[in-house]
Amino acid sequence: MTGLLIHSVSEFSDLILEALRLADARDIVEIGAEYGGMSALLADHCRIRGGQLTSVDPAPKREFLDWVATSPDVRHVAKTSLEAFCELDAPDAWIVDGDHNWYTVYHELGQIEAISRRVGKPVLAFLHDVGWPCGRRDMYYAPEQIPAEYRHPHSFDAGAVLDRPALVEGRGFRGGGLAAFANVSGGARNGVMTAIDDFLAEQLAQGREFGFAEIPAVFGLGVLFDMNAAWSGPLAELVLPYHQNKLLRVLETNRLRNYLRVIEMQDEAAARAARPGAA
């Protein structure tokens, strides 16, 4: 089933790499490596520009570990992002694609802003999964790592479906036992996009303004950047055509409906096979 799902941040690689070029980004921190598809592209970019890629992931896939073992110029920090920040220097850009919940993303953004401001670098961050289902619904790889007061009631088994705030037992988009979703979407401190909204509002109240573009495709990509950066104008021109683009949103919704139908068909087939007397 996962082989049918287009889900990687690497689908945005052309856009991200062009943005990195415009910002003359040399050193990059990637939070969340998974299989390393985007990692390899970022590493090539860093090599060409004389910089370094640092990838933060406590449990990446074997494919990434095999690749990083042959890439001595790539630094791998095998910790969660919130544990790793104390070991990170300020890069020129951040790719944030780790744990998709309010608590983690809100605090990641706070750390990114503080680290960048401390050394006088403008912020440039790309955040994946700002759309459905994680934009307004927390997902937890390790719920026990989220403080109880920020952790929503959740399920490893029930699934998310479009146009319904509550999870549905035995249906919909599920974590396959590897991740849990909050039982209900929406509301305070729930989801990646909510974390971004809260961060931006807090920064604006303190007199710091950031640009932000939401690209509604492949689970959503957010581009967050410092409006005072010398490269902010060209970067804004690059991402503006994609910002909340209606056609992309329609295509993404259609893609998700089709994929959810595939899941439904597989669930129906599994239920038939489990019936007594099934061949």
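Predicted model: local features only at pLDDT ≥ 70, side-chain atom pairs only at ≥ 80, totals over all residues.
Local features need pLDDT of at least 70 and side-chain atom pairs count only at pLDDT 80 or more, whereas totals for chains, interfaces and linings use all residues. Residues are numbered from 1 along each chain as its sequence is written, and side-chain values use heavy atoms, with hydrogens and water left out.

We can start with the sheet. Helices (H or I, at least four residues) and strands (E, at least two) are DSSP runs, numbered from the N terminus, and two strands pair if DSSP finds at least two bridges between them. Seven strands form an open sheet with mixed pairing, in the order E3-E2-E1-E4-E5-E10-E9. Strand E3 (75-77) and strand E9 (210-215) are at the edges with a single partner strand each, so one side of each has no neighbour in the sheet. On average, neighbouring strands are turned by 15° against each other, direction ignored; axes here are lines fitted to C-alpha atoms, for helices over the stretch in contact, and angles run from 0 to 180 degrees between N-to-C directions.

Strand E1 (residues 28-31) runs parallel to strand E4 (residues 93-96), and four bridges join the two. Within this pairing, Glu 30 has Ile 95 of E4 as its bridge partner. E4 also pairs with E5 in the parallel sense, over three bridges, and Val 96 stands opposite Leu 127 in E5. Between E4 and E5 the chain passes through H5, in a right-handed β-α-β crossover (clockwise from the first strand over the helix to the second, with the strands pointing away from the viewer). The pairing of E5 with E10 is antiparallel and spans five bridges, with Gly 222 in E10 as the bridge partner of Leu 127.

Five of the five residues of E5 are buried, so the strand is largely enclosed by the rest of the structure; buried means under 20% relative accessible area, exposed over 50% and partly exposed in between (1.4 Å probe, protein chains only). Leu 124, Phe 126 and His 128 point one way from E5, while Ala 125 and Leu 127 point the other way. Helix H6 (residues 192-205) lies across strand E5 (124-128), E9 and strand E10 (221-226), at about 160° to E9. Helix H7 (residues 232-239) also packs on the sheet, touching E5, E9 and E10, and its direction makes about 165° with that of E10.

A nonpolar core is a set of buried Ala, Val, Leu, Ile, Met, Phe, Trp, Tyr and Cys residues joined through side-chain atoms within 4.5 Å. The largest has 47 residues, of which Trp 94, Leu 127, Phe 173, Ile 196 and Leu 224 touch the most other members. H5 supplies the largest share of this core, seven residues. Apart from it lies another core, of 34 residues, including Phe 12 and Met 38.

Finally, the whole structure holds 18 salt bridges, each a side-chain nitrogen of Lys or Arg within 4 Å of a carboxyl oxygen of Asp or Glu. In helix H5, Glu 113 and Arg 117 lie four residues apart, about one turn of the helix, and their side chains meet at 2.7 Å, N to O. Glu 113 is buried at 5% relative accessible area, whereas Arg 117 is partly exposed at 48%. Arg 174 and Asp 267 form a salt bridge at 2.8 Å, N to O. Arg 174 lies in the loop between strand E7 (154-155) and strand E8 (180-182) and Asp 267 in helix H8, so this pair ties together parts that are 93 residues apart in sequence.

Methods. Contact = heavy atoms within 4.5 Å.
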